[in-house]
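The following note sets out numbered points on the model shown below. Please read it beside the sequence and the coordinates.

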Amino acid sequence: MRKTKAIKRNNYLNDFLPSAASKQRVEDQIYTPLCDCAATASADLHMEICDGLIDIMAALFNVSGRQLRSPQRDRKDIARVRQIGMYIARVTLCLNIRLIADGFARDKSTVTHACHLIEDLRDDEEFDLIITRVEAVVGAAFKHVLSAKVGDNDYK
């Protein structure tokens, strides 16, 4: 079931992109460079990225960044936004699960659970469209940051 998600994501890109050439250009610019850069980034950069991602999630979903950063259990709506953030960090930004767990003040099994849960929820077309748009926003927000940091030799 999870292998079909890449195909489904591409179908949803067609909803707001005018042509196949544009779709390929966006995929090349957003998804591939982020994954390449994230593999070589330092733990400090990963923490900065998680912190920025939490701020973006708080703004997009109109929740408190303080609640998203809290290690305490929260209401279901706050937890779902945090789960979406962890999923985006793993899938779109290709961050390490352990570093995502540290950045979100959670256990790595919680990150794994969140990724599986959000992946399963993407079967709903409306939810998938929301996640696709959040991926586009986060990809655009972090594209230049990762490129600049990797060029600065701030990684090990």
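**Notes on the predicted model**

1. The largest pocket has a volume of about 190 Å³. A pocket here is found on a 1 Å grid over the protein atoms alone, as an open set of points where a 1.4 Å probe fits, with protein on both sides within 12 Å along at least five of seven lines; lining residues have an atom within 4 Å of a point. Grid points are joined across faces, edges and corners, and the volume is the space filled by probe spheres set on them.

2. This is a predicted model, in which local features need pLDDT of at least 70 and side-chain atom pairs count only at pLDDT 80 or more, while totals for chains, interfaces and linings use all residues. Residues are numbered from 1 along each chain as its sequence is written, and side-chain values use heavy atoms, with hydrogens and water left out.

3. The lining of the largest pocket is made up of Arg73, Asp74, Ala79, Arg82, Gln83, Met86, Arg106 and Thr110. By class, four of these residues are charged, two are polar and two are nonpolar. In this scheme Ala, Val, Leu, Ile, Met, Phe, Trp, Tyr, Cys and Pro count as nonpolar, Asp, Glu, Lys and Arg as charged, and the others, Gly among them, as polar. Helix α5 gives the largest share of the lining, with four residues.

4. As to the overall fold, the protein chain has eight helices and zero strands. Helices (H or I, at least four residues) and strands (E, at least two) are DSSP runs numbered from the N terminus. Of the 156 residues in the protein chain, 43% are buried; buried means under 20% relative accessible area, exposed over 50%, and partly exposed in between (1.4 Å probe, protein chains only). Among contacts (heavy atoms within 4.5 Å) between residues at least 6 apart in sequence, 69% join residues at least 24 apart.

5. Helix α5 has 16 residues and reaches 22 Å from its first C-alpha to its last, close to the 22 Å expected at 1.5 Å a residue. The expected span is 1.5 Å times one less than the number of residues. The buried residues of α5 are Ile78, Val81, Arg82, Gln83, Ile84, Gly85, Met86, Tyr87, Ile88 and Ala89.

6. Not counting residues up to four places away in sequence, glutamine 83 touches His113, Ala114, Leu117 and Ile118. Its side chain also makes a polar contact with the side chain of arginine 80, at 3.0 Å. A polar contact is a pair of N or O atoms within 3.5 Å; within protein, one must be able to donate a hydrogen and the other to accept it, and residues adjacent in sequence count only if both atoms are side-chain atoms.

7. Two C-alpha distances relate residues that lie apart along the chain. Glutamine 83 and threonine 112 are 29 residues apart in sequence and 9.6 Å apart in space. Histidine 113 and methionine 86 are 27 residues apart along the chain, with their C-alpha atoms separated by 9.8 Å. Histidine 113 belongs to helix α7 and counts as partly exposed, at 47% relative accessibility.

8. Serine 70 is found in the loop between α4 (65–69) and α5 (76–91). This serine 70 is buried, with a relative accessible area of 17%. A polar atom of its side chain lies 3.1 Å from the backbone nitrogen of glutamine 72. Serine 70 touches Arg82 and Arg106, not counting residues up to four places away in sequence.

9. Helix α3 (residues 43–61) has 19 residues and reaches 27 Å from its first C-alpha to its last, close to the 27 Å expected at 1.5 Å a residue. Its buried residues include Leu45, His46, Ile49, Cys50 and Gly52.

10. Asparagine 62 has a positive phi of about 55 degrees although it is not a glycine. The residue asparagine 62 is in the loop between α3 and α4, and counts as exposed at 71% relative accessibility. Alanine 105 has a positive phi near 55 degrees. Alanine 105 is in the loop between α6 (97–103) and α7 (108–121), and counts as partly exposed at 34% relative accessibility. Most residues other than glycine have a negative phi.
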